[in-house]
Amino acid sequence: MFRQTFIRAAIKRNLKGGASNDAKNHQQVHCSLEGNELAVNEMINKLQEGKRINSWNAYVNELHYYHYCPVNI
């Protein structure tokens, strides 16, 4: 349910986003966000608080932030 909560939060902020379980570690989720930098930073800050984010008690234990630059082909 973390993935669904993550996507709903992205939509609420008019961001493009995705979330997928790690193939080897089902406790780990890979997420991506694209859009307004302030909205992206707001979501990252909320996740880094470590508080539960839904009724299933999902929370972020560890967050790795990678900044990717778009490439126009």
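Predicted model: local features only at pLDDT ≥ 70, side-chain atom pairs only at ≥ 80, totals over all residues.
**The largest pocket**

- If you want to find this pocket in the structure, look for V29, H30, C31, L63 and H64, which lie nearest its centre among the 36 residues that line it.
- Three elements, α1 (2-12), β2 (29-34) and α2 (37-48), each bring at least two residues to the lining of the largest pocket.
- Strand β2 gives the most to this lining, with six residues.

**The second largest pocket**

- You can trace the lining of the second largest pocket through F2, T5, F6, A9, R13, M43, K46, L47, E49, K51, R52 and I53.
- Here the elements that supply two or more residues are α1 and α2.
- Helix α1 gives the most to the lining of the second largest pocket, with four residues.
- Sorted by class, this lining has six nonpolar, one polar and five charged residues.

**A quick check**

- Which element gives the most to the lining of the largest pocket? That is β2, with six residues.
- How many charged residues does the lining of the second largest pocket have? There are five, alongside six nonpolar residues and one polar residue.

How values were computed. Residues numbered from 1 in each chain as written. Heavy atoms only, no water. 1 Å grid on protein atoms, 1.4 Å probe; cavity = no way out; pocket = protein on both sides within 12 Å on 5 of 7 lines; lining within 4 Å. Nonpolar A, V, L, I, M, F, W, Y, C, P; charged D, E, K, R; others polar.
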